[in-house]
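Subject: Structure for you to look at

Hello,

Here is the structure I said I would pass on. Please open it first, then read the notes below.

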Amino acid sequence: MKIALGTVQFGLNYGVTNSEGQVSLDEIGSMLELAKQGGVSVIDTAIAYGDSETTLGQFDLSPFSVVSKIPSRKDYSESIEKSVSESLKRLNIDSLYGVMLHDEGDVFSENNKLLNELRSLQEQGLIQRVGASFYSPEIAFKAIDEGIVDIIQVPGNQLDSRFCQYGVFDKAVSKNVEVHVRSLFLQGLLAINDHKRPISFQKHPDLIKYDKYAKESGLSNLELALLYLEQTEDIDIGVLGFVNAQQLKETLIAYKAIRKKKTELRPTLSSCDDILLNPSKW
């Protein structure tokens, strides 16, 4: 199962298509149980996701590998060791599968000081994989090429192939770096029909093209979005967030349907609209 459970909505009211707000404790419990039953083995969280870590710590996380992230040093001064220690306490676990720097600008700062500190914790057995979250293909490529990360998180979806085209995925494979992809649904825009999207995104030509391809191919928008994850072999994990258990259930069903279809479709839907592809500019 390549799907990981994203948890930003567990601690924050997040997402342009999220009309339900922060997820309730009962709903989180239902999602975790459904994820476990559905074969999801990775949970993605972060210190910056409000009280997501604390909330997750109220549940049994032993069936999952947990990945967390260290906030940008621009507005967070806690030491790496203390940050990881407190995350472990909040999550109520003994070790983390992965810890990433949340800000790519911290990767090469002070001669890779922060990553080196994470390496020290890795040697102590508190972390299995060390890396960073990236927005720039160039910086991700450099970090992989220099051998300073063994896990990365980057955006990617049917409309956003920037990292793949730049060679980041190929380089990651050559260096045995694990690739986690976020924004597979582009904050939900690719998983729903046009009339359900916020008005500012309705009738966007690239989204109309996407909708048309799905319809002509006999796929739902959700299935087309998941097809990118299934067909891109260099992606190890796709991080997906949900606001309720029903969304997760529908996604797991759609993903299994896609895998069974073994379709030969190879969509070419890449967008050049940087504003559309980068939610921070919305």
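A helix here is a DSSP run of H or I with at least four residues, and helices are numbered from the N terminus. By that rule, A257 lies in helix α11, which covers residues 245-261. Note that this is a predicted model.

A257 has 24% relative accessibility, so it counts as partly exposed. In sequence A257 is 76 residues from V181, and their C-alpha atoms are 21 Å apart in space.

V181 belongs to strand β7, residues 178-182. In β7, 5 of the 5 residues are buried, so the strand is largely enclosed by the rest of the structure. In a regular strand, side chains alternate between the two faces of the sheet. Here E178, H180 and R182 are on one side, V179 and V181 are on the other, and all are buried, which leaves both faces of the strand covered.

Which strands pair with β7? Strand β6 (residues 151-155) runs parallel to β7 and is joined to it by 5 bridges, with P155 opposite R182. Strand β8 (residues 237-241) is also parallel to β7, through 2 bridges, and H180 stands opposite I237.

Lastly, two helices. The axes of α9 (residues 205-217) and α10 (residues 221-231) come within 9 Å and cross at roughly 100°, which makes α9 roughly perpendicular to α10. The contact involves Y210, D211, Y213 and A214 from α9, and N221, L224 and A225 from α10. By class, these are 5 nonpolar, 1 polar and 1 charged residues.

Regards

Definitions and conventions: Residues numbered from 1 in each chain as written. Predicted model: local features only at pLDDT ≥ 70, side-chain atom pairs only at ≥ 80, totals over all residues. Heavy atoms only, no water. Axes fitted to C-alpha atoms, helices over the stretch in contact; angles between N-to-C directions. Parallel < 35°, antiparallel > 145°, perpendicular 65-115°, else oblique. Contact = heavy atoms within 4.5 Å. Nonpolar A, V, L, I, M, F, W, Y, C, P; charged D, E, K, R; others polar. Buried < 20%, exposed > 50% of the residue type's maximum accessible area, 1.4 Å probe, protein only. Pairing = 2+ DSSP bridges.
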